[in-house]
Amino acid sequence: MRPLRLQFKGLRSYRNEQVIDFTNISLMAIMGDTGAGKSSVFEALCFALYGKPTWTALHSDMLVAHGGDGAVRAELTFLANGKRWRVTRAVPARGRRQDRLVGEDDGQQFNGTTEVDNAIEAIVGLNRDSFLKAVLLPQGKFQELLQATPGNRRPILQAALGLERISDMRPQVQDKAKNLQDEIDKLERTLGELTTDPDSVLEETSLQLAVLAGQITDLTVAAATCDQAKTALATAERCGADLRRAAEQLRKYPQQGWDDDYRQLSHRDAELSQRRLAVESEIASATAQEQQLQAALDDADRQGTGIAGTTVALTTLRSLQRDLPQIHDKLALYAGRESETQQKRTELEARRQALPRHAQQTREAEATAQQAEAALDLAKTDLDLQQSLLLHARDAHGQATKTDRALDKAEAAVPATTHALTEAQQAAAQADSDVDDAEAAVEAVRRRNSAAHAAEGHEPGTLCPVCTRPLPDDFRAPTETDITQAHNALKDAKRRATGKGTALATAQAAHDRARAELTAATAETLQAHADFQASFDALTAAVGPADLSQPDSEILAAAFTTVEAATAHVKHTRSAADQARTRQKEFEVELRGDEKDLIRQTKNVTESLRSWTERRDKALDDYRSIPEDLRDGTDPTAATLDRAFERAEQQRKHLDTLTKKAAAIRQHLKKQHTAFAEVRNLISDDVDKPASRLADQLLELAHRAASVPQLTRPVDIPTRPQPWCLETDTAWAGDLVRATQQLLRECDRDAAVHDENRRQAQTTITTTLAKANATSPEDLHQQAGKAQRLMEEAQDRHDKAVADKPRRAEIEQRRNLLKPEADSLNVLSDLLQKGEFLSFVTEQRQKAVLNIATELLLDMTAGRFKFLDDFMIMDRETGRSRDVKTLSGGETFMASLALALALAQLTSRGGGRIEALFLDEGFGSLDTRTLREAMDALNHQATAGRMIAAITHMRKVADYFDDILLVTNTEKNGSEAHWATPDERDRLIDGDPGDEPLE
């Protein structure tokens, strides 16, 4: 992960928005006074990535700046695995916090705290704790690890690698072991609920099921036999009792005396029948006379001359005598008015013929006005075109004059920039030569110092650290030369070369810019003069010879005169057209008003004629609707209406006479019907009702006989003949009595048969119970039910054993798998309690750290130094191991830095490559030589591709960094960070000597 751009606001002492661009930064320093806010830059970086501060895992509200708006926001653009990402974290003063991660290369997005946190850990390859150990490296902490005794080194290494958490794992291991034991106990309880030995239970229940199946079959057959016999016994008892009850009911009815009752009823019926025939004859004679009179009245009704028709005819004739004279007068009146409307219609048609002439006059006037308006539009268009051409010509003339002045200025600037470029090239070449000389001087001093350091502490006679031979007696160890002056000379030479290079680039850019401006000015001048000539030619083609010094009104005088004349002509023709349109409209309005009046009059006359004609036609229809026998002719006149009225009056009187005769005959018929009803009542009381009572008794007897239960030899019961009479009922009564007597004899015989069947069924029940050793049929069923329950219990045990067998095997297998794991956890818990496991892990991790640190240290020291397993240093130039206390300050720093980088790499646990490291302080205690060696080591790391950021407030460090992020803090604005300008960097380097911190 490599940061590219950091933007934050409202974070700790930074109230205002800060933007830090890390692009193309490799070795940088973050400098400022104590408390200025240097470390808060890293807080912003950590908050942007992980949404929390560095010092604790507390809520991000702890980061909110005092005196700000209550909101904190950070946005980091970074590169990971070749892909650019932008993560934003914002906690507003009110409302929900915002967390968002966007892939700038492919647009992939993540939103929400949890989703963004998980994505960051996956992309960076580190969680927050590992990131703080792998990216923020407090140098002094790892120098302490390097120089600690073996006894003190172990806790330091455990803390740096987070191994102290292993000691905290014992409660977790114990909890895991307890959970596993709880699960094992639960499995044991489950096994206790399952069948203990499924195979033996299956064998036992299979045999028991077979025996019980045979018993159940025997008991079921015996119970069925008893049930059948019991049913037969009940049937015999019920049938015998039913037959005896039926016979007893039949014997309650009398078997004699029916013949005498029917003979008496026949004699009374003959007597009353003769009286009924006499009354019926009188009724028939009177009915014939009444029908004859009614036929005459009905015939008159059919011809329309009945009572109702004659009454209607009289009413109609009276109405016609009153209305016909008025109808004839009205028809004559409206016929005359119809002739008057026809004459007015002819006059309007003549006026309508004049309409086209008025319309033609209007169209001609309108066409003349439109032609005048078109001529005016054409004149205005021509004037607009000439004004546009004149304006364009004036603009082109002004532009050509302007480009001429710009060309003169560009031609004057080129000689000066050419001279300045030549001088800058000479100065840059001399500065590069000075840098080469300074680098050669530094390398010579470094070689001399390496030899002096190798011989340090050696005397004549000791072994040479290079060839291992004894040193001669006159050996004197060379002294180390101070390389500071050479380094300062090199730094000055590089700074001067950088300044001269910048001046050369500036001069070259100014020269190129002057030549480009000259070329552009020349092209613009030529184009401006060409544009002016083209626009002036277009103007003269439209208006003729023109002088641009004259005003527009004189150059375009002809066009203005043409527009004024056309405007006056349009005004005159438009007035004439409006007058013609007004005359046409007034004529049309007057004509439409007269037409509406005529239509209204015509409608009134037509409707009146239609109304009175309809009334006349209705009067004729009313007259013709009168029956032909009553009216006189087909056309109603005063004379014919009088004669018809007289005929209708005579017909009405004739019908009154016939009606009175019919009423007298109907009164006689009413008396005869009363006599007939009296005879019919006597027949009902003396004959029909007694006969009905006898028949009801016989029907009840027949019903009782028919309801006798099924007999072995059925007896047919005769039914009452239909239709019935006294003679047929007499014969039916004799047949029914004889059939009843036969039925009684059959009932007695079948009852004796059922008694015998009852005795046989009882014998069968007794025999079956004795064979089954049962006391009753119910006892048989109880024994069968008991056997069935035993069989169901055996089947349940059998089914449970079948189901439990595979489950028991599965649970036993699970228990056998968990038990070794639980035992192992218990052993691990004991090891954790004794510290043996932590010692083993620490030893393995120490070897891994030393292996990685050795590779880094070899790379930093050009293959000279490496770590041994006991933290001793192997000097490959001498071939001997050295205690870390014999290392120089620079060598100690490089060894400590190698350990720090190794721990950072190991902490990343296989995540993405860490391409940025932040070193927080650590330079204040280094002397000049050690500081120089330490910075050479950091330069080496930066050259390898990492971005190295050192946080410090020491002035002397500034000379070693090309890029410095300067942090300041004021009461008004709070903390602010910006990249130091070259002048600010020089002031830091050239400030007060010594190790004075920034004030």
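**Close-up 1. Surroundings of Arg2 in the predicted model.** In this predicted model, Arg2 touches Ile25, Ser26, Phe78, Leu79, Glu915, Gly945, Arg946 and Met947, when residues up to four places away in sequence are not counted. Arg2 belongs to strand β1, which covers residues 2-9, and the side chain of Arg2 reaches the backbone oxygen of Ile25 at 2.7 Å. The relative accessible area of Arg2 is 16%, so this residue is classed as buried, the limit being under 20%.

Close-up 2. Arg12 lies in the loop between β1 and β2 (18-21), and although Arg12 is not a glycine, its phi is positive, at about 50°. With a relative accessibility of 36%, Arg12 counts as partly exposed. Asn24, which is placed in the loop between β2 and β3 (27-32), likewise is a residue other than glycine with a positive phi, here near 65°.

**Close-up 3. Arg244 in helix α8.** Arg244 is found in helix α8, which runs through residues 198-250, and it touches Ala751 and Asp755, leaving aside residues up to four places away in sequence. Arg244 is partly exposed, with 43% relative accessibility. Along the chain Arg244 and Gly10 are 234 residues apart, and their C-alpha atoms are separated by 117 Å.

**Close-up 4. Helix α12 and the largest pocket.** The largest pocket holds about 800 Å³ of space and is lined by 32 residues, of which Lys491, Lys494, Asp959, Asp962 and Arg985 lie nearest its centre. At least two lining residues come from each of α11 (355-454), α12 (484-543), α20 (928-943), β14 (963-970) and α21 (982-989), and the largest share, eight residues, is that of α12. Sorted by class, the lining of the largest pocket consists of 12 nonpolar, eight polar and 12 charged residues. Helix α12 itself has 60 residues and reaches 87 Å from its first C-alpha to its last, close to the 88 Å expected at 1.5 Å a residue. After α12 comes Gly544, whose phi is positive, near 90°.

**Close-up 5. The cis peptide bond at Pro723.** Gln722 and Pro723 are joined by a cis peptide bond, with omega at about -5°. Pro723 is located in the loop between α15 (638-706) and α16 (726-771).

**Close-up 6. Helix α18 and its buried residues.** Helix α18 comprises 25 residues, 836-860, and spans 36 Å from its first C-alpha to its last, close to the 36 Å expected at 1.5 Å a residue. An α-helix has 3.6 residues a turn, so residues three or four places apart point the same way. Among the buried residues of α18 are Leu838, Val841, Val849, Ile852, Ala853, Leu856, Leu857 and Met860. Ala862, which follows α18, has a positive phi near 55°.

Close-up 7. One cavity of 30 Å³ or more is counted, and the space in the largest cavity comes to about 30 Å³. The lining of the largest cavity is made up of Leu857, Thr861, Phe865, Ile873, Leu887, Glu891, Met894 and Ala895, and by class it divides into six nonpolar residues, one polar and one charged. Helix α19 (residues 889-907) gives the most to this lining, with three residues.

Notes:
Residues are numbered from 1 along each chain as its sequence is written. This is a predicted model: local features need pLDDT of at least 70, side-chain atom pairs count only at pLDDT 80 or more; totals for chains, interfaces and linings use all residues. Side-chain values use heavy atoms; hydrogens and water are left out. On a 1 Å grid over the protein atoms alone, a cavity is a set of points where a 1.4 Å probe fits but cannot get out, and a pocket is an open set with protein on both sides within 12 Å along at least five of seven lines; lining residues have an atom within 4 Å of a point. Grid points are joined across faces, edges and corners, and a volume is the space filled by probe spheres set on the points. Helices (H or I, at least four residues) and strands (E, at least two) are DSSP runs, numbered from the N terminus. Ala, Val, Leu, Ile, Met, Phe, Trp, Tyr, Cys and Pro count as nonpolar, Asp, Glu, Lys and Arg as charged, and the others, Gly among them, as polar. Buried means under 20% relative accessible area, exposed over 50%, partly exposed in between (1.4 Å probe, protein chains only). A polar contact is a pair of N or O atoms within 3.5 Å; within protein, one must be able to donate a hydrogen and the other to accept it, and residues adjacent in sequence count only if both atoms are side-chain atoms. Contact means heavy atoms within 4.5 Å. The expected span of a helix is 1.5 Å times one less than its number of residues.
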